[in-house]
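Look at the structure below.

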Amino acid sequence: MKFDKLIELLKEMETTIEAEENQTLLEKLNREEMINTMQFLQRCAAQAGYYYNLQAPGSEFGTMKLQTAENDDPIVAQVKIWDNKEHKIRTRFSLRRLVTEEDGSLSVKLPCGSYEAEVTCGPEYSTVLVPFEITKDKVTTIKARLARIAHLTDHGWTAGDLHHHSIYSSPAYGGTDPVIETPDQVCRSMKSLGMQFGALSDHHNVLNHEEWQRQNNNFTPIISKEISTSNGHVLQLGVDDDVIYEIPKGKERTTDKLRNEFIRICSEIRKKGGLPQVNHPFDVSFSTRYNSEFWDMVEIFESMEIWNGATPFAAGTINAKAFKKWLSLLDEGKRLTATTGSDTHNIYGDDYFGMTEWLDWMMDIVMKHPEIYPVQMNEKVAYLTWLYNKVWPRLLSWVEQSNTPSTIHNYVYTNGKNQPQEILQAIREGHSFISNGPLVTAEVNGVSYGEKAVLKDRTGTLSVHVFSKKPINHLCMYTGADKKVELCAKADAAEGGFMYDIAADEFDFGDAAWALFVADGGENNLAISNPILFA
């Protein structure tokens, strides 16, 4: 069992709980201590005769066949299959994330039992729940008809993912990430969540570009590469050439050399018509987060990934830190467009689900059978139990609801002009918002994100509209890093969700230089806009 990612997420969410409850735990285990402790407890369980099995022995199987459609037209959709049966020995089948074929069909082999299929195609489509039974050696056929419940993409908006990996990031092509999906599979995965464009941003090479550009069936592929440096990751969007960051070594490794390499590659990307972006600037690893000494030259980039999908967006996390930093940059007059990216390395997400089920199994054994481990472990087990009871439910909710590839969207206003360079230009200009659920559009004096509104006596007309399949708790307007206004918004029932509307003829913006909007329903239902600028 590989614990690293699971522990990284637990520690992130531990920080979230502390930040929200304004408390600090006195006794903690660091990441290495947690790995050692979990490995030790797993051995204790094995010596006592308790083993974790990925599949219940003697399982019998049948087949489920699904057909999805919008009206009578086949549609690519995401399908989550939930196991409604409680197994004495946990299996990896309690939740599976799958993607239909282009014709909307899906066929999957499952252990016998009761299930529910959750079928959707992103924020603009309904979610359909279909219960079904699997019996031995039989085929169960079900259908899911999806309804369009929002129409943002019919009004000049397009949605996409800017940060995704494929097999070209793997050791098979000189990379280091265990990714097995082909560009074709990645494309279908994006389309299953309502994406109309996407950037395939593999590490180490640009070998995916030719294959990725063939993905043009109602989809706009954007060529890209995630450039690895020793001080952060840079995204080259829209450039076919393999831009290389030369890492200085030995005596050549000076701060000036490192800074100049960032400047050089960003300049090269711009000269080739591309868009340079800084990815996950507050990542846990030193080599993958942006060097904090280099913030003074951050304007060499045109956009900043403030929301990396590999981690929840919650208080204290790397994403919350990036959001806060981005707000402070706006206050300084530095206009980097805020973006999001799923950073997907596994379109099925079953690495998370396998880890979650393993942790459930282990903690169940540890809490029910304290006699299996020595008393010297009591304090460490008490800490793990606190994490499991307090932090784990919050993390599990994120894994089950939001941690599926491409659930976070960049909604970009292109007025229907959806060629790669037109999408990138709209991102440069900030005509966008990011979301894993709510659709939030706003105008001041008739202009929207990335545009400049002319105010009269610091007042203007304000219009905000939000559609969300799930309720939101807060609708806020930021006019500074420490200036947040709660906009009173009453929810109105809508087909498949909720609507929130704000309209004011003479809204006083005070001395604000910009305003942006956040629809907050928690880390599983959140949207953040880019700013409207004021003159």
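Ser230 sits in the loop linking strand E11 (220–229) to strand E12 (232–237). Strands here are DSSP runs of E, at least two residues long, numbered from the N terminus. The model is predicted, so local features need pLDDT of at least 70, side-chain atom pairs count only at pLDDT 80 or more, and totals for chains, interfaces and linings use all residues. Residues are numbered from 1 along each chain as its sequence is written, and side-chain values use heavy atoms, with hydrogens and water left out.

Q: Why is Ser230 called buried?
A: Buried means under 20% relative accessible area (exposed is over 50%, partly exposed in between; 1.4 Å probe, protein chains only). Ser230 has 14% relative accessibility, so Ser230 counts as buried.

Q: What makes the link between the side chains of Ser230 and Arg253 a polar contact?
A: A polar contact is a pair of N or O atoms within 3.5 Å; within protein, one must be able to donate a hydrogen and the other to accept it. The value for Ser230 and Arg253 is 3.0 Å.

Q: Why can Ser230 and Asn231 have a polar contact?
A: Residues adjacent in sequence count only if both atoms are side-chain atoms. The polar contact of 3.1 Å joins the side chains of Ser230 and Asn231.

Q: How do you know that E23 and E24 pair?
A: Two strands pair if DSSP finds at least two bridges between them. Three bridges join E23 to strand E24 (residues 497–508), and the two run antiparallel.

Terms used:
Helix = DSSP H or I, 4+ residues; strand = E, 2+ residues; numbered from the N terminus.
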